[in-house]
Amino acid sequence: MLKIRNFCIVAHIDHGKSTIADCLLEITGTVTQREAKSQVLDDLDLERERGITIKSHAIQMKYTAKDGENYILNLIDTPGHVDFSYEVSRSLAACEGVLLVVDASQGVEAQTISNLYLAIDAGLEVIPVINKIDLPSAEIDKVKGQIIDLIGCNEDDILLVSAKAKTGINILLEEIVNKIPVPKGDENAPLQALIFDSVFDSYRGAIAYIRIFNGTIKTNDKLKLFVINKEIEAEEVGVLGMQKIKTKSLTAGNVGYLISGIKDVHDTKVGDTVTHSKHGAAEPLPGYKEVKPMVFSGLYPTDSDDFEDLRDALDKFRLNDSALVYQPETSVALGFGFRCGFLGLLHMEIVQERLLREYNQSIITTLPSVEYYVFNKQGEKIVVDNPALMPQVAEIDYVEEPYIKAQIICPSEYIGNIMKLAMDKRGLYKNTNYIDPTRADLQYEFPLSEIIFDFYDKLKSTTRGYASFDYEYMGYQKADLIKLDILLNGEPVDALSMIIHRDKAYDWGRKVCSKLKELIPRQMFEISIQAAIGSKVISKSVVKALRKNVLAKCYGGDITRKRKLLEKQKAGKKRMKQVGNVEIPQEAFLAVLKLND
Amino acid sequence: MKQTALYIHIPFCKHKCIYCDFYSIITTDNINPFLSALKKEIETYSKIYSKDRIITSIFLGGGTPSLMNVDYLNEILNQIHKNFTVADNVETTIETNPDSISLEKLKKFKNIGFNRISIGVQSFNEDELKFLTRIHSKDAAVKTVKNANRAGFENINIDLIFNLPKQTKEIWMSNLKQAVSLPITHLSAYSLILERGTILNKMVLDGKVTLQDSDYDADLYSSTIDFLTEQGFKQYEVSNFCKDGFECRHNNSYWHYKEYLSFGTAAHSFVNGKRWWNFSSLKKYISEIKNCGTAVRNFEVLTKEQKLNEYVMLSLRSKGLNKNEFTEKFGSAWLKEKEDYFSKLIKNDFFKNNSETIKLTKHGYAICDEIIKNLL
């Protein structure tokens with residue numbers, strides 16, 4: 001146990017977390033250069049593309065230090081996005097130390113800070129690292145200053161590294177051995193092992209990644225999971241090299257995997273504690289939380305006939321993603337689909353993208369929504385995550401919506417732009433700190449509903465990509481929220497309804513009406529488009545009836561071509577959604593999602 | 001005896017007009033090899049199809065068949081009569097361009113057996129004729145129609161195009177007035193179609209020409225129907241109008257889902273539920289015929305559903321869908337399924353209320369494609 005070091009890396013996107021990890025793996029001989037696909041730890045294509053780690057991973061390295069001793073270094077990767085902050089906190093809980101990696105030209109960013117605070121809260125030893133020191137745009141002294149202000153270390157404590165050029169890595173390895181505390185714990189005490197991640201394997205079922213705090217797990221041990229209170233058997237344990245390496249046992253201080261015949265990841269809950277079923281620990285490790293979805297949206301198959309396919313895809317997807325929740329719902333406009341709950345916006349995008357890429361599902365998504373608390377006149381609280389469930393205006397006493405605490409870090413010249421954006425998004429200004437004379441750290445409170453829409457894109461464009469943004473949930477506050485309906489020829493299109501602040505309803509209604517007018521093709525009958533709050537119409541537009549659509553010539557040589565055109569149009573019609581006698585093209589639903597672009 | 005229409009495609013033109021997407025070529029090379037090939041093709045097919053079949057109409061289209069000399073055309077007609085059984089009252093049409101066709105030549109057409117003539121006037125307005133790159137003048141057009149009548153043609157069609165770029169309603173109505181003042185029995189009034197691959201299409205893509213919008217098109221179409229109806233013409237297809245008793249028997253064969261055999265480049269035939277079409281390239285056509293007697297580029301055997309679709313589409317475009325005839329061909333299930341939709345269309349004045357035939361109204365014709373799309 002004295003020779004084990006458990007650590008993770010905290011960094012903002014693109015600051016080089018994966019490159020440093022790869023470099024450590026290569027220098028310790030865990031992977032050869034030939035084996036090293038770039039950025040080994042990012043498994044999913046999507047992760048590699050976005051440069052964001054979505055799932056945590058762990059890998060073990062062997063390192064012979066200058067003192068001549070052989071050490072075991074367990075690197076536990078952490079997701080880099082706020083949607084997954086609970087998972088981050090559990091990964092951090094499995095470690096004794098953390099590398100704080102900051103890009104030498106970009107400096108400290110919002111995610112660096114939020115994850116660093118999590119690490120400090122978890123009591124970890126912080127090793128500050130400035131990466132990419134070989135870049136021509138590196139401002140090492142400035143970044144050093146930022147780090148010193150942030151964690152109060154000495155200048156000498158900061159390591160200068162270029163993972164790309166492999167400079168400074170040996171010193172970094174020595175620091176890991178020397179500075180990161182030896183894991184505490186007693187291998188003879190009752191077993192306490194923390195599940196910090198779990199993955200699904202189609203042959204083995206759920207594979208739990210665990211950190212043993214006390215005791216020892218041996219193969220065939222009878223075990224118990226605290227949260228789900230279920231007895232399992234250790235079919236296989238081992239450590240995580242480039243592949244899984246089977247071992248007879250895992251002892252306190254170490255990190256490894258456990259396979260126990262559990263079918264999917266819902267029973268291997270991140271944060272749960274594993275112990276022995278007999279003579280087990282009395283208490284679980286602290287810190288377990290049930291993850292709760294924060295953002296909701298309807299997912300519908302593009303072609304209504306594909307509903308069962310979508311269900312199958314979600315069922316499979318769920319084996320791998322314990323945070324995704326869904327249940328069937330129906331929409332008048334879109335037919336049968338699912339209301340899905342996500343941890344956040346990124347999680348939602350990832351699920352949609354992976355359903356498309358890996359499960360080949362073509363889907364329509366409805367406007368994302370948060371969970372509103374609606375209090376009726378009888379004083380009852382109704383939880384509304386779908387505008388369709390909003391009670392009638394007359395029954396509502398008041399409505400509350402979830403708020404977040406946001407941190408935006410940007411060069412000071414963009415403060416004006418950000419303040420304007422924040423005002424548009426009903427932001428409540430709290431405070432400004434300066435990280436250094438040119439960079440400001442702005443603190444705001446926002447309704448979550450304003451953030452889930454297009455906030456991040458707008459923030460990026462109004463600051464030319466220089467701002468970084470992070471947030472945490474705060475709780476609920478009262479707000480003047482109403483349900484805005486969109487009606488076509490007097491019939492509400494449920495999939496286009498939204499819950500919105502009264503002040504914004506008029507502008508939104510006008511935009512939707514004019515966008516739909518543009519996208520709904522002229523049809524045999526006139527189509528009136530209305531935006532309404534209850535029975536009050538606040539905006540309208542009209543798609544005039546089609547007056548002429550007939551091919552002038554249809555002789556012997558034209559018939560085949562004309563029939564094929566009709567067959568094609570008929571197939572296209574199948575993808576249209578029918579509300580009353582109005583056909584709505586799919587693009588209309590998608591366009592409403594992007595209305596503010 | 002199965003009644004069958006017969007079409008011959010003559011690909012030669014003096015000049016290619018900007019809006020035209022028919023297969024045509026401007027050189028006179030291969031005129032004679034084409035004739036030999038055509039005669040051989042007629043002979044080949046007659047061996048398979050002449051039995052139990054009577055030709056009720058012959059139509060020479062193109063291209064510009066009137067460019068060919070009379071003997072050339074006579075040889076084609078003779079070849080048909082020699083190889084097929086032709087009805088005594090056969091309708092025999094030739095397409096004609098108004099440029100430089102003399103009264104004498106028109107008389108000869110009549111003599112060798114043509115009894116219907118279709119004249120590609122397109123417009124009586126000099127500016128429009130220039131825009132369309134037609135090579136005749138307004139006067140030539142008027143004269144040709146009168147000469148055709150003088151030559152003894154009692155069944156004369158002219159083609160006109162409306163909704164041309166910049167065409168005002170006044171210009172179009174004056175075209176129509178000019179048309180009905182002439183001794184015609186039939187008028188095809190086509191709304192301009194922008195065909196892919198035409199010069200006009202490129203002009204539009206390049207922004208040199210702007211098309212008028214579809215509401216304007218609808219106005220012109222509506223006025224056309226009103227005016228021609230007043231003038232004693234009846235509309236019997238989307239774009240076709242005639243005096244009583246002068247429907248084009250040949251074109252009705254297409255629209256009434258009858259069988260037709262076609263010869264020449266790019267020609268489409270439809271017999272026994274199978275449709276096939278010839279190579280468009282003149283050289284390819286000639287060499288294929290030389291080698292194997294036919295020049296089929298491709299074919300399709302229609303499924304029942306495809307037949308139903310075509311039948312509905314064609315009948316709605318023309319005389320209307322006769323419920324009895326439909327039920328004989330396809331059974332009654334489809335009609336039952338569509339009953340509600342039909343009543344809705346009747347209520348909204350797109351269909352006429354007639355228990356035996358489902359027929360479009362004036363408004364219905366104007367959005368015929370939309371109706372068919374929703375129906376099928």
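Analyst: In chain B, the mean positions of the 50 positive and 44 negative charges lie 4 Å apart (Lys and Arg positive, Asp and Glu negative, His and chain ends not counted; placed at NZ of Lys, CZ of Arg, CG of Asp or CD of Glu). This is a predicted model, where local features need pLDDT of at least 70, side-chain atom pairs count only at pLDDT 80 or more, and totals for chains, interfaces and linings use all residues. Residues are numbered from 1 along each chain as written, chains are lettered from A and ligands numbered from 1 in written order, and side-chain values use heavy atoms, without hydrogens or water.

Chain B has 15 helices and 14 strands (DSSP runs, H or I of at least four residues and E of at least two, numbered from the N terminus). Of its 376 residues, 58% are buried (under 20% relative accessible area, 1.4 Å probe, protein chains only). The C-alpha atoms of chain B fill a box of roughly 55 × 50 × 45 Å along the principal axes.

Now the close look, in chain A. Helix α1(A), residues 17-27, is mostly covered, with eight of its eleven residues buried. These are Lys17(A), Ser18(A), Ile20(A), Ala21(A), Asp22(A), Cys23(A), Leu24(A) and Leu25(A). What do the buried residues of α1(A) pack against? Their partners in chain A are the strands β1 (4-11), β2 (58-64), β3 (70-76), β4 (97-103) and β5 (125-131), along with helix α6 (169-179); contact means heavy atoms within 4.5 Å. After α1(A) comes Gly29(A), with a positive phi near 75°.

How values were computed:
Buried < 20%, exposed > 50% of the residue type's maximum accessible area, 1.4 Å probe, protein only.
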